[in-house]
Amino acid sequence: MAIKSFQGKRTNTPQEETVPMLVSDYMTKKLITFTEEQPIEDAIDILIKHKISGGPVVNEKNELIGIISEGDCIKQISESRYYNSTIGKGNTVGKAMVREVETIDGNMNILDAASKFLKSRRRRFPIVQNGKLAGQISQKDVLIAAMKLKGNTWK
């Protein structure tokens, strides 16, 4: 007597849903930017109004020239107090910003970006394409991506 299979009819296995894995899929493209000549008081107002902790500084060609953060603004406030002057007296974003900005590639895998965040202790990375500011990825964007990926394998 032959052994009969009880598995039933074989069907095609469903394909796993492909979830975007690139930084460019999760980066913020509509950015609040600052200019070098902008008064530091304006930058502080914008940070507070939009509830952000920092942003890129660009020139008139939308080229990234620096980044300004809450910490940079606090440093300016502290120095103003030390010299017993007002915050706005000649203080611009250009004087407070960090000029050496580490960027990230928009084609980088989002999980590799997560590792870069851990190693650098940065809160955000600007993305530059063809010399122009294209977007920004934050730690929160990486968390959003991770929640979308949680049903998939971590490849």
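Guide: One term before we start: helices, of at least four residues, and strands, of at least two, are DSSP runs, numbered from the N terminus. By that count, I48 is found in helix α2, residues 40–50. Keep in mind that this is a predicted model.

Visitor: Is I48 buried or exposed?
Guide: I48 is exposed. Its relative accessible area is 59%, and exposed means over 50%.

Visitor: Let's zoom out. How many helices and strands are there in the chain?
Guide: The protein chain has six helices and four strands. Starting from the N terminus, the order is α-α-β-β-α-α-α-β-β-α.

Visitor: And what share of the residues is buried?
Guide: Of the 155 residues in the protein chain, 32% are buried.

Visitor: What about contacts across the sequence?
Guide: Take contacts between residues at least 6 apart in sequence. Of these, 60% join residues at least 24 apart.

Visitor: What else does T92 touch?
Guide: Leaving out residues up to four places away in sequence, T92 touches E36, E37, Q38, P39 and I40. T92 counts as partly exposed, at 22% relative accessibility.

Visitor: Now the inside. How many residues are in the largest nonpolar core?
Guide: That core has 14 residues. V23, I104, I110, I127 and I137 have the most contacts inside it. The elements giving two or more residues to this core are α1, α5, β3 and α6. Another core, of 11 residues, lies apart from it, with A43, I68, V93 and A96 among its members.

Visitor: Back to I137. Which residues is it in contact with?
Guide: Setting aside neighbours within four places in sequence, I137 is in contact with V23, Y26, M27, I104, I110, F117, R123, R124, F125, I127 and V142.

Visitor: Let's take α5. Which of its residues are buried?
Guide: In α5, I110, A113 and F117 are buried. They are on the same side of α5, because they cover an arc of only 50° around the axis. On the other side of α5, L118 and K119 are exposed.

Visitor: What do the buried residues of α5 pack against?
Guide: They pack against α1, β3, β4 and α6.

Visitor: You mentioned α6. Which residues are buried there?
Guide: Helix α6 covers residues 139–149, and its buried residues are D141, V142, A145 and L149. Their arc around the axis is only 100°, which puts them on the same side of α6. K140, L143 and M147 are exposed on the other side of α6.

Visitor: What covers the buried side of α6?
Guide: The cover for its buried residues includes α1 (23–26), α5 (110–120) and β4 (132–138).

Visitor: New topic: pockets. How much space lies in the largest one?
Guide: About 390 Å³. Its lining has 16 residues, and I52, G54, R124, Q136 and S138 lie nearest its centre.

Visitor: Which elements supply that lining?
Guide: β1 (54–58), β4 and α6 each supply at least two residues. By class, the lining of the largest pocket has four nonpolar, seven polar and five charged residues.

Visitor: And what is the volume of the second largest pocket?
Guide: The second largest pocket has about 230 Å³. It is lined by 14 residues, with I67, S69, R122, R123 and R124 nearest its centre. The elements giving two or more residues to that lining are β2 (64–69) and β3 (124–129).

Visitor: What classes line the second largest pocket?
Guide: Its lining has six nonpolar, one polar and seven charged residues.

Definitions and conventions
Residues numbered from 1 in each chain as written. Predicted model: local features only at pLDDT ≥ 70, side-chain atom pairs only at ≥ 80, totals over all residues. Heavy atoms only, no water. Buried < 20%, exposed > 50% of the residue type's maximum accessible area, 1.4 Å probe, protein only. Arc of directions from axis to C-beta. Contact = heavy atoms within 4.5 Å. 1 Å grid on protein atoms, 1.4 Å probe; cavity = no way out; pocket = protein on both sides within 12 Å on 5 of 7 lines; lining within 4 Å. Points joined across faces, edges and corners; volume = space filled by probe spheres on them. Nonpolar A, V, L, I, M, F, W, Y, C, P; charged D, E, K, R; others polar. Core = buried A, V, L, I, M, F, W, Y, C linked by side-chain atoms within 4.5 Å.
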